[in-house]
Amino acid sequence: MPIVIFELPDGTQRKVTAGSGTVLMQAAVSNGVDGIVAECGGNASCATCHVYVDERHGELVGPPNDVEDEMLDFTAAERRPTSRLSCQVQVSDALDGLVVHIPEEQV
Amino acid sequence: MSALTAAAPGAPVVDLDLAELRDDPYPAYAELRRTAPLAWVPSVGRHLLTRYEDIVHAEKLPEVFSSREKGSLLLRTVGPNLLREDDPEHRRLRAAAEPPTRPRQVRDLWAGAFERNAHALLDRIAGRGEADLIGDFAEPLAAANLAVVLGLRNASADDISDWSRAMMAANGNYADDPDIWLRAEGATRAIEEAVAEMAETARREPDGSVISSMVHAAEPVTLAEIQNNIKVIIGGGVNEPRDVFGVGAQALLRRPAVLDRVRADPGLWKRVFEETARWISPIGMYPRQLTQDYEIAGVGLPAGSRVALVIASGNRDESVFERADEFDIDRPQRPHLAFGGGPHFCMGAWVARHEVSALAWPLVFSRLKGLRLAEGAEDCTEGWVFRGLTSLNVTWQTS
Ligand code: FES
């Protein structure tokens, strides 16, 4: 199963094992990674599971879907070109070693 | 599964007086959090779950804490609807109804109408120098805005308000008063007719509204489903923006220094909104029913147990929010529970944020100069299932 790394705003890293077929948000929440709030439980309605995909992995993860793209305009922390909602990122073996950065605020 | 209408074995039983809860539920909640975070409360007929962490835990387990509560008054009032469904049924209905409530649609499609509605109401009262900001402004505004988003161009704001009130009374009709049922039936019939007419129009001319979105949904939705879900949205959609507006406006009028800061830095209205929703949550609790045996807060609940997630209490949990009883827009940002969580996360959240914090508060405080609480006005905050101000009497200068 792929390992993904969540980097907190203070620079500390959390390595977690993510189940293939789940989404990145679940990997964070089920491992108690701070800073992923995910109020709506993964329905792209709340914009509180925002992450910045590390520059090196942008291609791998790909662009946001339409609904997500709109929601990303309303995140608490600024939107950047690498912004994604972690509940919309499907985990696959290809993502092994992925690094994502958690923004300062989600609410 | 049938609902268990008694305490689970081992659950502490705590008697709470409903009139006291209506008056001010917060002291009772604080006591429950401290001594019995899951307690059977006979007058409510449910186990009250009152700590933040436990509520969040339950919200994230919809397959255990089901929304399909048997015999609920809401079901009797409006029929099957998305609030009382679990996925995948819930997901289909929500996907059909939700697009018009997303933040970009709110900004692009509805914000202009919301602003016109607010100005029109303020035009009516501006010259008077005094008003009840709930009855004269917040309620008719919430109702008019709701008509816009739903696509009910054939209903007036007064219709929407009346329907909402009739249904809300029925949802709380534990005393089984026949007059209340009768009024609610009148309201729901009127809504069914209005929705049928607008659904027909939307079929020919899509207009981006909730009705239109449901008519054209990818996964088909029947007319009866559209009607029932519009009833639910009208039931709750007036109260919540109205109540958050009222509570927040009163909080600021009582704290002139905070108000000055917010006027100088309009970016703070967003903080005021979230803190108001945390401090006095418009929805105080909602019911769930267990699909299986499950232990929470140290009590083993059997399948079928009825639980109330008391989000108003979770939002005052001192282990999460320091000095939780104080209204403080500078507190560290922690997620509050006012919009619920998980798949049922409030569909109106983005609509309410925009209409209240981006429009209604800034407009009221800029157009009504020298706004203040009316001399001797009493605090009219009440309710526990739903909590808000029944009136907010204010005065201002008219010259
Ligand atoms: S969990 Fe709500 S948008 Fe991702």
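Biologist: How many residues of helix α14 of chain B are buried?
Modeller: Nine of the 11 residues in this helix (residues 269-279) are buried, where buried means under 20% relative accessible area, exposed over 50% and partly exposed in between, with a 1.4 Å probe and protein chains only. Helices (H or I, at least four residues) and strands (E, at least two) are DSSP runs, numbered from the N terminus. This is a predicted model, in which local features need pLDDT of at least 70 and side-chain atom pairs pLDDT 80 or more, while totals for chains, interfaces and linings use all residues. Residues are numbered from 1 along each chain as its sequence is written, chains are lettered from A and ligands numbered from 1 in the order in which they are written, and side-chain values use heavy atoms, without hydrogens and water.

Biologist: What do the buried residues of α14(B) pack against?
Modeller: They pack against α2 (26-35), α12 (239-253), α13 (256-264) and α16 (349-367) of chain B, contact being heavy atoms within 4.5 Å.

Biologist: And B:E275, which residue does its side chain meet in a salt bridge?
Modeller: Its partner is B:R331, at 3.0 Å from N to O. A salt bridge is a side-chain nitrogen of Lys or Arg within 4 Å of a carboxyl oxygen of Asp or Glu. B:R331 lies in the loop between α15 and α16 of chain B, 56 residues from B:E275.

Biologist: Is B:E275 buried or exposed?
Modeller: B:E275 counts as buried because its relative accessibility is 4%. B:R331 is also buried, at 6%.

Biologist: Changing topic, how much area do chain A and chain B bury between them?
Modeller: About 1600 Å², with 51% of it on carbon and sulfur atoms. Buried area is the accessible area (1.4 Å probe) that two parts lose on being put together, summed over both. A:E39, A:E70 and A:F74 supply 37% of what chain A buries against chain B, more than any other three residues.

Biologist: How many salt bridges are there between chain A and chain B?
Modeller: The count is two. In one of them, A:D69 pairs with B:R104, with the closest N and O atoms 4.0 Å apart.

Biologist: Which residues are linked with A:D69 in a network of salt bridges?
Modeller: The network joins A:D69 with A:D73, A:R79 and B:R104. Within it, A:D69 and A:R79 meet at 2.6 Å, N to O. A:D69 sits in helix α3 (residues 66-71) of chain A, and A:R79 in the loop between α3 and β4 (83-85), 10 residues apart. A:D69 is partly exposed, at 26% relative accessibility, and A:R79 is partly exposed at 31%.
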